[in-house]
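Please keep the sequence and the three-dimensional view at hand while reading.

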Amino acid sequence: MRVEAVELRQIEMKLRAPFETSFGREEDKVCLLVRVRAGGLEGWGEAPAGIAPLYNEETSETAWSVLERFLIPPLLGKQVPSPQAFAAGAVHIRRHHMAKAGLEAALWDIAAQRQGLPLSRLLGGERAAVSVGVSLGIEPTVDALLERVADYLGRGYRRIKVKIKPGWDIEPTRRIRERFGDILLQVDANSAYDLADAATFKALDAFNLLLIEQPLAEDDMVDHAALQAQLRTPICLDESIVHERAAKAALQLGACRVINIKQARVGGLSAAVAIHDLCRAQGVPVWCGGMLETGIGRAANLALTSLPNFTLPADLSASDRYFAEDLIDPPVTLNTDGTITVPTGVGLGVHIVPERVERHTVRMARFTA
Ligand code: OSB
Ligand code: MG
């Protein structure tokens with residue numbers, strides 16, 4: 001495909017409710033959208049880098065800069081044989097995974113359209129619908145959190161994930177178990193602890209959690225291995241798994257027993273599929289994480305989650321969990337059995353509403369051959 005033009009947009013959308021984690025509180029969703037024109041087709045991707053480098057090192061500014069200066073110019077007017085070829089060619093640009101992933105996703109959208117296939121099929125997906133859960137932020141009180149859990153269980157979500165941090169861990173988990181019994185429950189610390197806090201995790205071990213996500217520092221595989229050895233509950237790594245080599249190292253060291261795959265964090269859908277395949281070969285379950293994506297990033301995540309080794313419920317919720325109005329129409333909805341249907345149209349398979357994209361754009365630039 002010959003790349004004719006690339007459009008970059010920074011998007012800002014009010015979240016329906018603030019989302020608080022151990023690293024900060026977000027009231028607005030901020031990301032970049034990448035729109036590629038190639039061979040007469042148009043593809044879209046989302047780079048979920050926000051205002052501040054709190055989840056990882058990237059921001060919407062750094063992603064914009066790297067896309068504008070280093071990732072987009074070499075493509076303009078050139079033949080790009082495949083999304084994988086783009087990914088391989090971008091390896092020499094160090095890191096900046098979200099920036100790369102946004103552009104790669106747009107190329108995948110186009111590649112799937114060229115073959116007349118839904119993206120899920122092109123990636124090797126098999127499932128028509130995927131099991132999903134909801135990720136709940138830190139609330140002012142445990143009672144407020146319990147109301148949110150009740151609300152989402154009532155809507156049909158079958159798995160609840162709660163954010164934890166020191167001082168907000170054992171008590172909310174215990175109260176959820178007391179009130180809601182044997183639901184599928186997991187916690188996510190976003191790196192807020194160190195090994196000296198092992199006693200907290202041993203206490204959490206009693207609650208029969210599906211997994212404990214990213215308890216320790218993102219670059220500390222050794223301490224994660226030491227903690228995992230003391231727990232029954234599987235540790236799941238999110239921030240630590242930045243590429244396939246990290247996944248390989250984590251599994252070899254016993255630093256986790258489950259991996260959260262976010263295509264944006266690992267540098268794109270190609271890397272995400274590679275990690276999926278590695279884990280599958282080793283009998284390690286994976287699940288699809290989320291970054292509060294708009295319908296555009298969510299559609300790519302749904303396609304990815306249809307691959308066979310995504311066996312735990314995804315952090316992929318309906319559009320109305322995040323936004324009053326999504327960028328796609330119809331929005332993503334939850335089926336009564338707690339699943340979301342994987343789009344079956346060609347490419348991303350969702351209808352992007354230009355007027356809504358325009359309305360939420362705070363910065364835009366076009367690059368042409
Ligand atoms: O750690 O999984 C995380 C959102 C932003 C940044 C990091 C994380 C999250 C979530 C939300 O947990 C998942 C979702 O998109 O619903
Ligand atoms: Mg996480």
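How far does a polar side-chain atom of Lys161 lie from an oxygen atom of ligand 1? The separation is 3.0 Å.

## Basis of the report

This is a predicted model, in which local features need pLDDT of at least 70, side-chain atom pairs count only at pLDDT 80 or more, and totals for chains, interfaces and linings use all residues. Residues are numbered from 1 along each chain as its sequence is written, chains are lettered from A and ligands numbered from 1 in the order in which they are written, and side-chain values use heavy atoms, with hydrogens and water left out.

## The surroundings of ligand 1

Ligand 1 is surrounded by 16 residues, and the closest are Ser135, Asp188, Asn190, Leu292 and Tyr322. A residue is near a molecule if one of its heavy atoms lies within 4 Å of it. Leu292 takes part through its backbone, where a polar atom is 2.8 Å from an oxygen atom of ligand 1. A polar contact is a pair of N or O atoms within 3.5 Å; within protein, one must be able to donate a hydrogen and the other to accept it, and residues adjacent in sequence count only if both atoms are side-chain atoms.

Asn190 lies in the loop between strand 7 and helix 7. Its phi is near 45 degrees, a positive value in a residue other than glycine. Most residues other than glycine have a negative phi. Asn190 counts as buried, at 6% relative accessibility. Buried means under 20% relative accessible area, exposed over 50%, and partly exposed in between, with a 1.4 Å probe and protein chains only.

Seven strands form an open sheet in the order 5-6-7-8-9-10-11, with parallel pairing. Strand 5 (134-136) and strand 11 (286-288) are at the edges and have a single partner strand each, so one side of each is left without a neighbour in the sheet. Helices (H or I, at least four residues) and strands (E, at least two) are DSSP runs, numbered from the N terminus. Two strands pair if DSSP finds at least two bridges between them.

Strand 5 and strand 6 (residues 159-163) run parallel and are joined by three bridges. Val134 has Ile160 of strand 6 as its bridge partner, and Ser135 stands opposite Lys161. In strand 6, five of five residues are buried. Arg159, Lys161 and Lys163 are on one side, while Ile160 and Val162 are on the other. In a regular strand the side chains alternate between the two faces of the sheet.

## The magnesium site

Which residues coordinate the magnesium ion (ligand 2)? They are Asp188 (OD), Glu213 (OE) and Asp238 (OD), at 2.1 to 2.3 Å. Along the chain, these donors follow the spacing D-x24-E-x24-D. Glu213 lies in strand 8 (residues 212-213) and Asp238 in the loop between strand 9 (235-237) and helix 9 (244-253), so the pair ties together parts that are 25 residues apart in sequence. Glu213 and Asp238 are buried. Donors are N, O and S atoms within 2.8 Å of the metal (3.2 Å for Na, K and Ca); water is not among the atoms, so sites may look incomplete.

## Two helices with a buried face

In helix 6 (residues 170-180), the buried residues are Pro172, Thr173, Ile176, Arg177 and Phe180. Viewed down the helix axis, they fall within an arc of 135 degrees, so they line one face of helix 6. The arc is that of the directions from the helix axis to the C-beta atoms. Their cover includes helix 5 (142-155), strand 6, strand 7 (184-188) and helix 7.

In helix 8 (residues 221-228), Met221, His224, Ala225, Leu227 and Gln228 are buried. Seen down the axis, these residues of helix 8 fall within an arc of 165 degrees, so they too line one face. Helix 7, strand 9 and helix 9 are among the elements that cover them. Ala198 of helix 7 (residues 198-204) is in contact with Leu227 and Gln230, leaving aside neighbours within four places in sequence. Contact means heavy atoms within 4.5 Å.
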